[in-house]
Amino acid sequence: MIVNHIGIYGICIIDNKLLCIKKEKGPYRNRFDLPGGSQKENEGFTETLIREFKEETGYQIENYRNCRVYDIFVEETNRTVHHIMVFYDVDINVEQKDVVLEKLVDELNDSSGIYWIDLEKLDISNASPVILKLVQELSNDEAILEKVVYNNWKIL
């Protein structure tokens, strides 16, 4: 069975460190991931970006740009997820962070907090396929637009 999943993600890199969240649930549990997530009904991409980024990091996005879309296939035990990811580069003011992350009304925040991680330290042993796609992009891999399949994805 193939399931489609679309996620909208914010990329914030300062001094070669990527703003990440650590996943608590789902197939990327115990791995670093990008702040972002799924759209709500009648929500546009940038509305989702701003809401999810704030919910998961406490930071308000000041500016977003450079929208691009990639996809991957993640083979889990009983299904394959076609993960379509929409990336935006974002700017934040690191001095202005809400102390308490927003409490989500009808859903659970699946992040255990934020981390600034050196880009060189992110790999398949600690990062989600979403971050691995970003690492591929940043390395100027010519195959960035080609399909990547993660067979027998291991949940940590």
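1. Buried residues make up 46% of the 156 residues in the protein chain. Keep in mind that this is a predicted model. The accessible surface comes to about 8600 Å². Carbon and sulfur atoms hold 48% of that surface.

2. Start with the overall fold. The protein chain has 2 helices and 9 strands. Read from the N terminus, the order is β-β-β-β-β-α-β-β-β-α-β. The radius of gyration is 15 Å, close to the 15 Å that the globule rule gives for 156 residues, so the chain is as compact as a globular protein of that length. Along the principal axes, the C-alpha atoms fill a box of roughly 40 × 35 × 30 Å.

3. Next, look at who touches whom.

4. Now find helix H2, residues 129–138. Is H2 enclosed by the rest of the structure, or open? Of its 10 residues, 8 are buried, so H2 is largely enclosed by the rest of the structure. The buried residues include Val130, Ile131, Leu132 and Leu134. Lys133, Gln136 and Glu137 are buried too. After H2 comes Asn140, which has a positive phi, near 60 degrees.

5. The cores deserve a close look. In soluble globular proteins, nonpolar side chains tend to be buried together. Here the largest nonpolar core has 24 residues. Leu18, Leu34, Phe87, Leu122 and Ile131 have the most contacts inside this core. Two or more residues come from each of strand E1 (2–11), strand E3 (17–23), E6, E7, H2 and strand E9 (148–150). Which element gives the largest share of this core? H2 does, with 4 residues.

6. Leave out residues up to four places away in sequence.

7. Turn to the aromatic rings. A pair of aromatic rings is described by the distance of the centres and the angle of the planes. With centres within 6.5 Å as the cut-off, the count comes to 6 aromatic pairs. One of them is Tyr70 with Phe87. Their centres are 5.6 Å apart and their planes stand at 70 degrees, so the pair is edge-to-face; the cut-off for that label is over 60 degrees. Tyr70 lies in strand E6 (residues 59–75) and Phe87 in strand E7 (residues 80–97), so the pair ties together parts that are 17 residues apart in sequence.

8. Tyr150 and Trp153 are both buried. Ring pairs also link Tyr9, Tyr70 and Phe87 into a cluster.

9. Last, check the charges over rings. The charged end of Lys22 sits over the ring of Phe32, 4.7 Å from the ring centre. Lys147 has its charged end over the ring of Phe73, 5.2 Å from the centre.

Technical notes: Residues numbered from 1 in each chain as written. Predicted model: local features only at pLDDT ≥ 70, side-chain atom pairs only at ≥ 80, totals over all residues. Heavy atoms only, no water. Phe/Tyr/Trp six-rings, centres within 6.5 Å; stacked < 30°, edge-to-face > 60°. Buried < 20%, exposed > 50% of the residue type's maximum accessible area, 1.4 Å probe, protein only. Lys NZ or Arg CZ within 6 Å of the ring centre and 35° of its normal. Rg over C-alpha atoms; globule rule 2.2 N^0.38 Å. Areas by Shrake-Rupley, 256 points an atom, 1.4 Å probe, with all protein chains shown as cover. Core = buried A, V, L, I, M, F, W, Y, C linked by side-chain atoms within 4.5 Å. Contact = heavy atoms within 4.5 Å.
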